[in-house]
Structures are given as structure tokens and as C-alpha cells.
Amino acid sequence: MAANFWTSTHYKQLLDPEEVDVVHPLDRERGVTVEDFKLVKMHMAQYILRLAQHVKVRQRVIATAVTYMRRVYTRKSMSEYDPRLVAPACLYLAAKAEESTVQAKALAFFIRKLYAEEKPRYERYEIKDILEMEMKILEALNYYLVVFHPYRSLTHLLQDAGMDDMTQFTWGLVNDTYKMDLILVHPPHLIALACIYIASVYKDRDTTSWFEELRVDMNVVKNIAVEILDFYENHKLIAEDRVNAVFNKLALKP
């Protein structure tokens with residue numbers, strides 16, 4: 001993995017905000033809207049989390065898997081790349097990239113378990129399907145698997161700001177940013193700073209001078225913070241019937 005974010009493929013692949021939530025023409029033909037698109041990505045991020053809890057991997061693996069999933073859909077359609085298969089395949093690939101062990105057999109077992117419990121929300125896929133989709137995802141990602149996350153920056157920045165007591169609170173904020181596309185748009189340290197900014201306002205900590213010493217663009221930090229707060233205000237709850245309606249539009253088998 002590249003040691004420096006600024007020379008990494010992650011940095012080179014950062015997108016402008018308007019490039020992220022673009023519905024693929026094949027999906028648009030089926031009536032999928034931008035809101036539908038966002039909803040399915042949020043839902044599949046949650047699906048990755050649920051599978052990850054079963055196979056017991058680190059938070060970093062989950063974050064990498066969600067990043068892969070979101071990158072895939074900046075290039076591929078959901079009607080051709082079923083999100084219910086892309087999600088577990090991204091988790092399987094992310095576990096390899098982050099040097100964690102997840103057996104495809106175990107992943108397939110828990111997919112079947114979720115399918116039995118909550119169909120038609122999930123689809124039943126086997127090991128062969130996961131391995132085949134893994135190769136398609138690798139190609140869609142141009143084999144660029146390096147992902148830098150805000151967690152490492154967050155730890156160092158909290159120590160520097162004398163806000164170690166905010167670790168759990170801000171860590172939870174960072175986790176929730178993966179329900180959005182922030183990781184595709186902004187450097188990870190700015191996402192971490194936005195979470196610290198939210199925490200300092202929420203807990204009434206004066207961090208003005210500390211932020212000034214960092215010499216970062218506070219307009220960008222505050223814009224990221226606003227996007228996170230907007231998510232909490234408007235998008236945190238996922239309407240499952242709406243997700244199923246989108247799958248129906250995509251003509252994905254229920």
C-alpha cells in the first residue's frame with residue numbers, strides 16, 4: 001500500500017461531487033432516480049456491515065468494502081451489477097486487500113442465512129457467484145485497491161487537539177460517513193476534521209484557535225460537516241419498501 005495519500009491511486013481517483021451521484025443510463029432507462037440510487041447504496045452499505053458482523057472483520061475492512069462498492073457504481077450500472085452480489089463480493093475483496101481472512105464459503109453461508117430470514121430484500125448467491133463478481137469488481141476498479149480512511153488521521157488529530165475523550169463519539173461519526181459518498185470526494189483527513197468540528201460544536205468545545213493553526217480550508221471542513229448533519233436530518237432511516245421498489249425497477253429477481 002502507498003505510504004503517502006497524496007501519491008496514492010486513492011488521491012488520483014477523487015471525484016467532483018457532481019460526478020458521484022450520476023445514475024447510469026441503463027438504470028435511468030428503468031426509471032431509477034438519483035434518490036433511488038443513493039438509497040440503494042445506503043442499503044448495501046448496511047448489508048455489508050451485517051455480513052461483516054457475521055464473519056467478524058475489522059471496521060477498516062468494512063470501510064474498504066463500502067468504498068469499493070461506491071466506486072463500482074460510479075462506473076457500472078446496478079441493473080448489470082446486482083448490488084446484492086456486489087456488496088458481499090466487495091467485502092470478500094476488501095478482506096484480502098486489508099490482509100484479513102474471510103472464507104468465501106463462510107460468506108456464502110451467511111448470505112443464505114440472511115436470504116432465508118429476509119427475502120425478498122436479499123438474494124441467495126453461492127461461492128461461484130461471489131468469485132465471479134470479485135473479478136468483475138477488480139476490473140471495474142482498474143485493479144486499484146488502495147483506500148485511505150479517516151480513522152488514522154482522526155486518532156492523531158484528536159490527540160493534537162486534546163480531545164481524546166471524544167474518540168468514541170467521533171469514531172461513530174466517521175463510521176456513518178460511509179453511508180454517504182464522502183470518501184470518494186474528499187481526502188480522509190478533511191473528513192476526520194469535519195467529524196471533530198461537529199463534535200466540538202455538539203460538546204461546546206472551543207477549537208477555533210486549533211483549527212486556525214492547522215491552516216486548512218475551513219469552508220471545505222464546514223461543508224463536509226453540513227453534509228453529514230444533513231444526512232442525519234434527512235436520510236438516516238432506510239425505507240425497506242422503497243429499496244424493494246428500486247430492485248423491481250431494475251428488474252432484479254425478488
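Q: How far apart do the C-alpha centres of domain 1 and domain 2 lie?
A: In this predicted model, the two centres are 25 Å apart. Domain 1 is made of two stretches, 5-146 and 238-251, while domain 2 covers 150-234.

Q: How many residues of each domain are in contact with the other?
A: On the side of domain 1 there are 20 such residues, and on the side of domain 2 there are 15.

Q: What area do domain 1 and domain 2 bury between them?
A: Interface size is often expressed as the accessible area lost when the parts come together. Here that comes to about 1400 Å², with 68% of it on carbon and sulfur atoms. Within the area that domain 1 buries against domain 2, Leu14, Gln59 and Arg70 supply 32%, more than any other three residues.

Q: How many salt bridges does the rule find across the interface of domain 1 and domain 2?
A: The rule finds two. Arginine 70 also pairs with aspartate 181 in a salt bridge, where the closest N and O atoms are 2.8 Å apart.

Q: Which elements give two or more residues to the side of domain 1 that touches domain 2?
A: They are α3 (34-55) and α4 (59-72). Of the elements, α4 gives the most, with six residues.

Q: What residue classes does the side of domain 1 that touches domain 2 have?
A: Ten of its residues are nonpolar, six are polar and four are charged.

Terms used
Residues numbered from 1 in each chain as written. Predicted model: local features only at pLDDT ≥ 70, side-chain atom pairs only at ≥ 80, totals over all residues. Heavy atoms only, no water. Domains from an automatic or database assignment. Contact = heavy atoms within 4.5 Å. Buried area = accessible area lost by both parts, 1.4 Å probe. Salt bridge = Lys/Arg side-chain N within 4 Å of Asp/Glu carboxyl O. Helix = DSSP H or I, 4+ residues; strand = E, 2+ residues; numbered from the N terminus. Nonpolar A, V, L, I, M, F, W, Y, C, P; charged D, E, K, R; others polar.
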